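Open the model in your viewer and keep the sequence panel beside it. We will stop at a few residues, then step back for the whole chain.

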Amino acid sequence: MPAALVVTNGDIEYAEGILLPAGMTFDDERRAFIRNFETIDLQAVPGSGKTTALLAKLLIIEKHLPLNDGSGVLVLSHTNAAVDEIKNAIGIHCPKLFAYPNYVGTIQSFTDKFLAIPYGHNCLGVRFDRVDSEAFSERLWKNFRLVQQREDFGSLGKWFYGMHIATAKEIAGENKPEVRRLCNALIEAHVKNIRYDYNEECFRNGIDGKALLKSKTNPKFNALLAITQETFAEGYLSFDYAYILAKHYLILVPELTPIVRKRFPYVFVDEMQDMDPHQYTLLETLFAPSGPHQPIYQRIGDKNQAIYEGLTGEIWQDRAPDRILSLKGSYRLSSQVAKVVQPFALTPIAIDGRRELRVPIKPCLLVYTEPSHVINEYIRIIRTHVDSGAIPSNTANGFHAICWVTKEKETETTLSRYFADFKRVKQESGSNYYCLRAYFDAMDPVSQCVRAIRSHLINAILKVLRLEDIRDENNRYYTQARFLRQLNQLDLTRDTKYSDEFNFQLFQWCSAVANGKTTEALRDLRIFLPNLLGWLDKTLTKADAITFVNADSASSQSVGENTSESRDVNVAIEPSGDIRIEVSNVHAVKGHTHTATLYMESFYQKMYESSRLPGPFLNGSAKIKGTYQNETARLLYVGFSRPTHLLCFAVHKERFEAHLSAIDRDIWEIVEVS
């Protein structure tokens, strides 16, 4: 283990001068983390400034670089945006930290550079020109088509056809040409998703999916192995295959792990709760406290905000209690809101709400009988606090209304019943969305079927065509049916396969959204759009269309007056003075800070939040157990921990009386919604 660095008071004051506003200092619990150079976890509450504390530590480490033995510091996060945040904040002050032998990057880039690409060179005898999932998939599919009819390769085409024809018929009905096209698209998507597990020596449906083929004597197995190896040999590698190869490399060459450890004796991983299972496993294999050359390995994040990893099991396993530090003080939450948030933490942690409000504001329980009245009541409450001076009116953080489930249900309450315009936008052409990303954020993979997602995505594409003023032969804007017919017509007149390619791409996007990979689907659609417009002999040229495609504002819609003001949201007018409410799902606001947040309960898996999990509303001692209770607790924890000033929760009167009538009125203010 490397020697712990000594951090002086002067070091901390130096970091404070760079990172904090004038006159502010780090408190004792943040100083304890900044000074700590042992293998520990840092568990932080929402709004605690954990990344700022890590930045302070990195600024101080810079003073000790280069290390005497030529080793380096490894800093990893989950996304490029998070890495850019680190670089933008301290890059100018830390030239050595961002240079060899140190490494600051994403878990993906680290895996590619230090494991997967060397594995290709040393074990496969290939040079991976780039790591690109789309390029890899296209090449894999091309190689598949070259052998799919060969009987000595098990007639792969017939085998996959048998697996997918029933689904194609179910979706396409009696339209035989559409059945054929859809079946081909399903086969292509399946082939592109198959992964070879080098350790178990079997093919799986996806990186962590069920085994598809295990027998090495099966000609289909050998055929798939051949096309996979050929794709590697041609220099193509996908993002997920990088982890598969990295895992095999560490097993195949056991001395590699101590080599990596020796190279990086200091390892810091931010946003640890967002790591996928295979990413977490790789990090633990490399840096967990065992074996030679044990590094200082610090994992930083908030386990209670892990809402993207399936919610059925705990990926991030705790260290021993003496190896856990906590940042319990939240500079976002008031003491009133912190009391409400804390009982929903699956990993217990005491939240110290440190935002001092001039006028303390109790969280509000909005008890309604008509969902459509809730947002107006929320606006009224905000207006009252703004007029009294308790809440600032010109805040950049804004006023938000969030809901878990967005899709409309016949008899149950979801977001569309609270905000009718959200429902209309989803059911009609979708033309009211401000940007392409908003289409993706508005979709609900939990409750929407693939067919509904497919329609939603086509609507997004039609919006691009309208913004570019692209019309059909009758000078009309395209509908879904006319657009699909246009592609078929182009195939006939130009001898192309536009319809097949479009349906395949559409299926890929739908599958990605249904599996929670909306970011990847959005990226791929943006890449595809110029090609699509090229089919129509058009290009993406108009400013409004370019802005629509590339804007990265958070997904939301907005209700309120003063809609002429320029804002990166969709606007629906509702008379309410100058109070504007941003409406979105809970997932879209993770990591954001609000001035006020309204959480509107919704129907999920036969229950609402208040009926599934009344205990934490009533007291902090109720046990949270079971998949759906855990999932509900995580969403409530994330949603409730957004506001700096006001938190509201909307519950139907019947469920309030049945489950929450005994709630502590000293903590909650009860408001009847008329």
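Start by selecting Tyr477, which sits in the loop between helix H18 (450–467) and helix H19 (480–494). Helices here are DSSP runs of H or I with at least four residues, strands are runs of E with at least two, and both are numbered from the N terminus. You are looking at a predicted model, where local features need pLDDT of at least 70, side-chain atom pairs count only at pLDDT 80 or more, and totals for chains, interfaces and linings use all residues. Residues are numbered from 1 along each chain as its sequence is written, and side-chain values use heavy atoms, with hydrogens and water left out.

The cut-offs are under 20% relative accessible area for buried and over 50% for exposed, with partly exposed in between (1.4 Å probe, protein chains only). Now show what Tyr477 touches: Arg466, Asp469, Ile470, Arg471 and Arg482, leaving aside residues up to four places away in sequence. A contact means heavy atoms within 4.5 Å. Then draw a distance from Tyr477 to Ile40: the two are 59 Å apart in space, C-alpha to C-alpha, and 437 residues apart in sequence.

Next, select Gln148, in the loop between helix H6 (133–147) and helix H7 (156–172). Gln148 has 19% relative accessibility and therefore counts as buried. Beyond residues up to four places away in sequence, Gln148 touches Ser155, Leu156 and Gly157.

Now for some backbone details. Most residues other than glycine have a negative phi, and most peptide bonds are trans. Select Leu65 and Pro66 to find a cis peptide bond, with omega near 0°; Pro66 lies in the loop between helix H3 (50–62) and strand S2 (73–77). Another cis bond joins Tyr100 and Pro101, where omega is about 5°. Pro101 belongs to the loop between helix H4 (80–90) and strand S3 (103–106).

For positive phi, go to Glu201, at about 55° although it is not a glycine. Glu201 is in the loop between strand S5 (194–197) and strand S6 (202–205), and at 36% relative accessibility it is partly exposed. Gln605 also has a positive phi, about 50°. Look for Gln605 between strand S19 (594–600) and helix H23 (609–612); its relative accessible area is 39%, so Gln605 is partly exposed.

Cysteines come next. How many disulfides are there? The count is zero, taking a disulfide as a pair of cysteine sulfur atoms within 2.5 Å. Select Cys183: its nearest cysteine sulfur, that of Cys510, is 17 Å away. Cys183 is buried, at 1% relative accessibility.

Finally, zoom out to the protein chain, with its 26 helices and 21 strands. Its radius of gyration is 27 Å, close to the 26 Å that the globule rule gives for 674 residues, so the chain is as compact as a globular protein of that length. That radius is taken over C-alpha atoms, and the rule is 2.2 Å times the number of residues to the power 0.38. The C-alpha atoms fill a box of roughly 75 × 70 × 45 Å along the principal axes. Colour by burial, and 55% of the 674 residues count as buried.
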